[in-house]
Amino acid sequence: MNGQLRKNIVPGLQVNIVLKQDQRSGKLTKGIVKELLTNSPTHPHGIKVRLTDGQVGRVKEILSGPTEA
């Protein structure tokens, strides 16, 4: 599943994001969504999220459903 639709992304999902400094290389960072930062229903480059470790980036892939906290 891709990360361009806000309705597909909820806190607790495991995702791959691209960080701002990694946009040129396309390097992905894996993490758990803490909060959604994009308000629009879609975004062509991926919905911007904050991970539980504080990193911020755009969702490129949704890896799995919400994890139990």
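**View 1. The hairpin of β3 and β4 has a glycine with positive phi.** Four residues lie between the strands of this hairpin, and G54 takes a positive phi near 95 degrees. This is a predicted model: local features need pLDDT of at least 70, side-chain atom pairs count only at pLDDT 80 or more, and totals for chains, interfaces and linings use all residues. Residues are numbered from 1 along each chain as its sequence is written, and side-chain values use heavy atoms, leaving out hydrogens and water. Strands (E, at least two residues) are DSSP runs, numbered from the N terminus. Two strands pair if DSSP finds at least two bridges between them. β3 and β4 run antiparallel and are joined by three bridges. In one of these pairings, K48 has R58 in β4 as its bridge partner.

**View 2. Four strands close into a barrel.** The order is β1-β2-β3-β4, and the pairing is antiparallel. On average, neighbouring strands of this sheet are turned by 70 degrees against each other, direction ignored. Axes here are lines fitted to C-alpha atoms, and angles run from 0 to 180 degrees between N-to-C directions. Strand β1 covers residues 14–19 and is joined to β4 by six bridges. There, I17 stands opposite V59 in β4. Five bridges join β1 to β2, residues 28–36. V18 has L28 in β2 as its bridge partner. Three bridges pair β2 with β3, residues 48–51, in the antiparallel sense. L36 stands opposite V49 in β3.

**View 3. Side chains alternate along β3.** In a regular strand the side chains alternate between the two faces of the sheet. V49 and L51 point to one face of β3 and are buried. Buried means under 20% relative accessible area, exposed means over 50%, and partly exposed lies in between (1.4 Å probe, protein chains only).

View 4. Side chains of opposite charge can pair when their charged atoms come close. A salt bridge is a side-chain nitrogen of Lys or Arg within 4 Å of a carboxyl oxygen of Asp or Glu. The structure holds two salt bridges. One of them joins the side chains of R50 and E35, at 2.6 Å from N to O. The pair links distant parts of the chain: R50 sits in strand β3 and E35 in strand β2, 15 residues apart. R50 is also the bridge partner of E35 in β3. R50 is partly exposed because its relative accessible area is 27%. E35 is partly exposed too, with a relative accessible area of 32%.

**View 5. D22 pairs with K27.** D22 lies in the loop between β1 and β2. D22 forms a salt bridge with K27, and the closest N and O atoms are 3.9 Å apart. D22 counts as buried because its relative accessible area is 10%. Contact means heavy atoms within 4.5 Å. Not counting residues up to four places away in sequence, D22 touches K27 and T29.

**View 6. R58 is buried without a salt bridge.** R58 lies in strand β4, residues 56–64. The nearest side chain of opposite charge to R58 is D22, 13 Å away. For charge, Lys and Arg count as positive and Asp and Glu as negative, while His and the chain ends are not counted. The side chain of R58 reaches the backbone oxygen of G46 at 2.9 Å. R58 touches residues including N16, I17, V18, T38 and H43, not counting those up to four places away in sequence.

**View 7. H45 sits in the loop between β2 and β3**. H45 touches R58, V59 and K60, not counting residues up to four places away in sequence. H45 and G3 are 42 residues apart in sequence, with 8.2 Å between them in space, C-alpha to C-alpha.

**View 8. V56 is partly exposed in strand β4.** V56 belongs to strand β4. V56 counts as partly exposed because its relative accessibility is 31%. Among the residues that V56 touches are I17, L19, L37 and V49, not counting residues up to four places away in sequence. V56 and K34 are 22 residues apart in sequence and 9.9 Å apart in space, C-alpha to C-alpha.

Conventions. Polar contact = N/O pair within 3.5 Å; in protein donor to acceptor, adjacent residues only side chain to side chain.
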